[in-house]
Amino acid sequence: MMLEVKDLEVNYGMINAIRGVSFHVEQGEIVALIGANGAGKTTILHTVSGLIPAAAGSISFEGTDVRKTPGNKLVSLGMAHVPEGRRVFAQMSVLQNLKLGAYTRKDKAEADETLEMIYTHFPRLKERRSQLAGTLSGGEQQMLAMGRALMSKPKLILMDEPSMGLSPLLVKEVFHIIEFCHEQGITILLVEQNARMALGIADRAYVLEVGSINMEGNAKELLESEEIKKAYLGG
Amino acid sequence: MLNFLNTIINGISLGSIYAIIALGYTMVYGIAKMLNFAHGDVIMVGGYLVYTGMISWGFNPLLAILFACIGCTMLGILTERVAYKPLRGASSNLAVLITAIGVSYFLQNISLLIFTANPKSFTSVITWEGISLADGQLKIQGITIVTIVAGIVVLLALQLFIKRTKAGQAMLAVSEDKGAATLMGIDVNKTISLTFAIGSGLAAIAGALLCSAYPVLTPYTGAMPGIKAFVAAVLGGIGSIPGAMLGGLLLGVAETLSKRYISTQLADAIVFAILIVMLLVRPAGLLGKKLQEKV
């Protein structure tokens, strides 16, 4: 099992934001976490990648308990996180951003190979490699954030709202990139507000509602479910 | 004319010292987002360490400076660990600001205890007389030249370190976004420690140069240069390394010019007046930049 989260609880100050959430991601899967704004999707991802502490529960990554592991140590274990809002380093160049993605990698030649692979698949990033990341368009920044995550050679990528704020055309492109990552053998945990697209690409999905999981199952079946259609797919 | 030139050269030299101090301020601000008001007092500690090394233990000047650098680096790491780190993530930035002022007084008082309030007369770390130009009408002291060169070397070395090394790139990343830096695998706490270490090491060098040019050392020696270097950092755009350098140089030249041509007493007031005007006209400082975020 790639990732297993059990009875996770997270507090924000006095607020109990996540109340006993359990889910798992198998090796090679794309798992979607969908739900309305404020349901706690981003909080869950931030807790899994060690940016905020869990109040209770367990998080295990490839069988090892990582609940207390500091976020920066998870990268070399094989977990990458493409955060909400891309969070590229705006005042650094595209190339510098990509190189920071490989910060934990020891073998420079291998990292260079990954960089070449990324340049081949995202020619736009190659064209703009010496440009400041802050000057890229939203879609290009998303591409960069994903490329930067790939640079760490991850086994699992957590993707938080990759389609947010992008035009329908770019949303399609971003989902192509997710498929590309998946074809590289990377397992994906995808958080999305665009439930239709997310369920379209995922193997399984969990539906989150104010801090706890409401429904789970095969993504294709959820896509057909009346309840989901009504609540998340606009009828 | 020669007088003017001489004043300018002295100004650049004084400015180089401000610049080296301002680099510490600006780096710590850029990365830890805090104003380390104790930074000026680290200069004073550096001065006393050089003094102790040279006078009491008979070190040669270079060894004494190295000793002071190591001492101040350790002091910087220690104060960060003990006084600032526990407050990181505290609800108010004021808490850490006030702590920094507390650390400043703490360092002054410790120095009072150890070295007393009696001024120590500092022996210059540079024995070279300097050069004499225009048939001896323009004399430039050795310490003046060495200070200017030191400023340039420090700036270049720092730029190279930040552009070329992994640790330097990690610093830039942490200064922009600590969370995203963590997601790259960067240890944010270690990076902040390293920043304090570098800033404090530079403060020791600044201390040695400052006390060589103005050879009276008391526990309060660091306070005023510290504040002026802070002004220099803000003037240049706090967080910007070339900005700190430029701000320092401008401030040094403005100060020596005011002292020479306007009034010795008013010089400090003029320096702060420049800061106020600057903040009104260009709040981000000369080289401070604000990049618009794209959604």
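Let's start inside chain B: Cys211(B) has a relative accessible area of 2% and is buried (under 20% relative accessible area with a 1.4 Å probe, protein chains only). This is a predicted model, where local features need pLDDT of at least 70 and side-chain atom pairs count only at pLDDT 80 or more, while totals for chains, interfaces and linings use all residues. Residues are numbered from 1 along each chain as its sequence is written, chains are lettered from A in the order in which they are written, and side-chain values use heavy atoms, leaving out hydrogens and water.

For Cys69(B), the nearest cysteine sulfur belongs to Cys72(B), 7.2 Å away. Cys69(B) is buried too, at 16% relative accessibility. For Cys211(B), the nearest cysteine sulfur is again that of Cys72(B), at 11 Å.

Now turn to where the chains meet. With contact meaning heavy atoms within 4.5 Å, 30 residues of chain A and 21 residues of chain B take part. Together the two chains bury about 2,200 Å², 60% of it on carbon and sulfur atoms; buried area is the accessible area (1.4 Å probe) that two parts lose on being put together, summed over both. Phe89(A), Gln91(A) and Tyr103(A) supply 28% of the area that chain A buries against chain B, more than any other three residues.

One salt bridge crosses this interface, meaning a side-chain nitrogen of Lys or Arg within 4 Å of a carboxyl oxygen of Asp or Glu. Arg87(A) and Asp177(B) form a salt bridge, with their closest N and O atoms 2.8 Å apart.

Technical notes: Disulfide = S-S within 2.5 Å. Buried < 20%, exposed > 50% of the residue type's maximum accessible area, 1.4 Å probe, protein only.
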